[in-house]
Amino acid sequence: MSATILVVEDEPSIQELIAASLQHAGHRVLRADSAEDAVRLVNATLPDVVLLDWMLPGMSGIQYARHLRSIERTRNLPIIMLTARSEEHDKVAGLDAGADDYLTKPFSPRELLARIKAVLRRRAPQMTEDCVEVEGLRVDPASHRVHGNSQSLDLGPTEFRLLHFFMTHAERVHSRAQLLDQVWGDHIFVEERTIDVHIRRLRAALELTGHDRLIQTVRGSGYRFSALPE
Ligand code: CA
């Protein structure tokens, strides 16, 4: 699993160390020396995870975490707070501000990578390579294969990503704008009608085994993947 990770850390040596181990593990790294810097970076590129130092010059890590949680675009962005041992008693405040997890410095690269994986699995399951199965419909992200009742189904790459996202976020209504952000990518300019075209193709591919019924249209809102009747 390769993710885009924003590292907000004002201590150059620590920032360098973290960035090097993340890159070594195949992740893409964005770096910020301050929360103000991070705000600018995130406006341009939405990362998959934020590693956020607690003590920063200017806006603190806690304030920045609150800021991220208050904005629609970053509301669900996974945040891991990095704290020094002396700040450990403040962990509760970090979690209150919306952090998903925290790591106490110094930490090993291995621990950091494990925490990132855990937070992604929880917050962004579509990024992991775990198989997903609902009602006999099975998606394997590692091999990019889809089976309906053990019968192989043929999906295009966009339909595959769409289905995987739906299955890892079942029973929720997704607006066309949300699907664009999550499946096509942030800041990609595609007309919302394009979504309907791909939904139609996805349903057609799933029709073979009757799994097209799992893709439901929610009038006026968007689409939902559900094993329950409409
Ligand atoms: Ca610091």
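**Entry 1, overall layout.** I began by counting secondary structure, and the protein chain has eight helices and twelve strands. I note here that this is a predicted model. I then looked up the extent of the protein chain, whose C-alpha atoms fill a box of roughly 60 × 35 × 30 Å along the principal axes. Of its 230 residues, 46% count as buried.

I asked which residues coordinate the calcium ion. The donors are Asp10 (OD), Asp53 (OD) and Met55 (O), at 2.1 to 2.3 Å, and their spacing in sequence reads D-x42-D-x1-M. Aspartate 10 sits in the loop between strand E1 (4-8) and helix H1 (12-24), while aspartate 53 belongs to strand E3 (residues 49-53), so the pair ties together parts that are 43 residues apart in sequence.

I looked next for open space, and I found that the largest pocket holds about 1,200 Å³. It is lined by 35 residues, of which Ala124, Gln126, Phe165, Asp181 and Gln182 are the closest to its centre. I sorted the lining by residue type and recorded 14 nonpolar, eleven polar and ten charged residues. Which elements supply at least two residues each to this lining? Helix H6 (157-168), strand E10 (173-174) and helix H7 (176-184) do, and H7 gives the most, with six residues. I also noted that domain 1 (4-127) and domain 2 (132-225) each contribute at least three residues to the lining of the largest pocket.

I turned to the largest nonpolar core, which has 26 residues, and the members that touch the most others are Leu137, Leu163, Phe166 and Phe225. At least two residues of this core come from each of strand E6 (132-134), strand E7 (137-140), H6, H7, helix H8 (192-206) and strand E12 (222-225). The largest share, six residues, is that of H6.

I looked up alanine 38, which I found in helix H2 (residues 35-44), and it is buried, with a relative accessible area of 0%. Its C-alpha atom is separated by 7.9 Å from that of leucine 6, which is 32 residues apart from it along the chain. I then took valine 190, in the loop between H7 and H8, where it is partly exposed, with a relative accessible area of 23%. Valine 190 and glutamine 216 are 26 residues apart in sequence and 22 Å apart in space, C-alpha to C-alpha.

A cis peptide bond joins lysine 105 and proline 106, with omega about -5°, and proline 106 lies in the loop between strand E5 (101-104) and helix H5 (109-123). Asparagine 149, though not a glycine, has a positive phi of about 45°, and I located this residue in the loop between strand E8 (145-148) and strand E9 (151-153). Glutamate 171 also has a positive phi, near 65°; it is in the loop between H6 and E10 and is partly exposed, with a relative accessible area of 39%.

Note on methods: Residues numbered from 1 in each chain as written. Predicted model: local features only at pLDDT ≥ 70, side-chain atom pairs only at ≥ 80, totals over all residues. Heavy atoms only, no water. 1 Å grid on protein atoms, 1.4 Å probe; cavity = no way out; pocket = protein on both sides within 12 Å on 5 of 7 lines; lining within 4 Å. Points joined across faces, edges and corners; volume = space filled by probe spheres on them. Helix = DSSP H or I, 4+ residues; strand = E, 2+ residues; numbered from the N terminus. Nonpolar A, V, L, I, M, F, W, Y, C, P; charged D, E, K, R; others polar. Domains from an automatic or database assignment. Donors = N, O, S within 2.8 Å, 3.2 Å for Na, K, Ca; no water. Core = buried A, V, L, I, M, F, W, Y, C linked by side-chain atoms within 4.5 Å. Buried < 20%, exposed > 50% of the residue type's maximum accessible area, 1.4 Å probe, protein only.
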